[in-house]
Amino acid sequence: MEGARFRGAHWPAMSIFAPAESQPVTRSIFRPQTETHSVIEARQLQSLREENVRVIETDVTATNFLACHIPGALFWPIPDLLHPDFSLRRDATAFRELLERSGINEQTLVVVSYSREPGTAGFLFWILRSFGHTRLAFLNGGTAHWRAQGLPVSSMPSVVEPTPYGAPLEWSSQFEAKFEQLSASLSSAQLLDVRSEAEFRGEVFLTEPPQNGERAGCIRGANWLAHTQFLDENCVLKPKEEIAKLLAQAGLNAEQKTISYCAMGARSAFVWFVLHEVLGWPNMANYAGSWLEWSRRAADEWIERPEIMEVETPR
């Protein structure tokens, strides 16, 4: 089982859904500008001088965050946003309580960051957007790029004061594709598999060869473009023109309904962010169930192991 491979992982001892009094209490050093951009650069973030900004770093474990993070940042572990079967928690009440304990209200500029994998930050951006929070920014290059710029870091716990969120909060499926919708739109939507080449070919199921009846491969007819191809060697987003050229070479059309997927919905959420929020593709959705769900529910005829046509990197 996929889940069995995660049981040996180390989760942070403190759950983000723990009671407020168990949370650590440092004020953010950042202040938002009037206009919010979906991508924020490290020095742009460092220059903000108002209080209502909250940097949230996310990953599978808190190891890197505890060693070094942006001053005032909080950590949300990705596993706490998921059910035990790795499906997404869509509980608006619990999520509102998490926001409030994190000192976030409807006017807070939430900046999502990451230490290793941009998919985790893209996933969190997508979740926040789907719950209706619109003041959002993605830290380009994450915490590692922040450090590379010589900006201040800390290993001390961040302290926040809980605050009422102040607005209705409800999950919206506007940016989500579900299994039934995807099954019904296979002939009309363009699918984008953003996993590694080995996953797409069916050589591995997430990180290891298929085992115990796991079905590997891809959704029949899907285009392939690994999410890492949107990033340069420093894990910073490539220029829009380069990304647009990569998508065109992969056979994708900005005007057509596009659904991204990966293994568990995180890497594909990052690609949703790039296409919808950065490039402005209007009809973009993330299949949160992704390969974990599709491989268990889809008929054999909708699973294949394709050959990959190499996509050239724009020069």
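Two strands count as paired if DSSP finds at least two bridges between them. Helices (H or I, at least four residues) and strands (E, at least two) are DSSP runs, numbered from the N terminus.

**Before you start**

This is a predicted model, where local features need pLDDT of at least 70 and side-chain atom pairs count only at pLDDT 80 or more, while totals for chains, interfaces and linings use all residues. Residues are numbered from 1 along each chain as its sequence is written, and side-chain values use heavy atoms, with hydrogens and water left out.

**Stop 1: the open sheet**

Select the 5 strands of the open sheet, in the order S6-S11-S10-S7-S9. Their pairing is parallel. Now pick out S6 (176–177) and S9 (223–224) at the edges. Each has a single partner strand, so one side of each is left without a neighbour in the sheet. Go to S7 (residues 190–193), which is joined to S9 by 2 bridges. Here Leu192 is opposite Asn223 of S9.

**Stop 2: helix H9**

Select residues 266–278, helix H9, which packs on the sheet. H9 touches S7, S10 (258–261) and S11 (284–287). Contact means heavy atoms within 4.5 Å. The direction of H9 makes about 175° with that of S11. Such angles run from 0 to 180 degrees between N-to-C directions, with axes as lines fitted to C-alpha atoms, for helices over the stretch in contact.

Is H9 mostly enclosed or open? Of its 13 residues, 12 are buried, so H9 is largely enclosed by the rest of the structure. Buried means under 20% relative accessible area, exposed over 50%, and partly exposed in between (1.4 Å probe, protein chains only). Among the buried residues are Phe270, Trp272 and Phe273. Step past the helix to Gly280, where phi is positive, near 80°.

**Stop 3: strand S4**

Move to residues 109–113, strand S4. Here 5 of the 5 residues are buried, so S4 is largely enclosed by the rest of the structure. Turn the view to check both faces. Leu109, Val111 and Ser113 are buried on one side, Val110 and Val112 on the other.

Arg54 has Val110 as its bridge partner in S4. Val112 is opposite Phe138 in S5. Show H4 (residues 118–130) as well: S4, H4 and S5 form a right-handed β-α-β unit. Right-handed means that, with the strands pointing away from the viewer, the path from the first strand over the helix to the second runs clockwise.

**Stop 4: three loop residues**

Select Asn253, in the loop between H8 (240–249) and S10. Asn253 is partly exposed, with a relative accessible area of 39%. Beyond neighbours within four places in sequence, Asn253 contacts Gln190, Thr258 and Trp281.

Next, Phe86 sits in the loop between S3 (74–77) and H3 (92–101). Its phi is positive, near 75°. Most residues other than glycine have a negative phi. Phe86 counts as buried at 16% relative accessibility.

Then find Asn212, in the loop between H7 (197–201) and S8 (218–219). Asn212 also has a positive phi, about 55°. Asn212 is exposed, at 67% relative accessible area.

**Last stop: confidence**

Colour by pLDDT, the predictor's confidence in each residue, from 0 to 100. The protein chain averages 86, and 85% of the residues score at least 70. Residues 1–15 stay under 50. Residues 17–36 are below 50 too. Where pLDDT is low, the predicted coordinates should not be read in detail.
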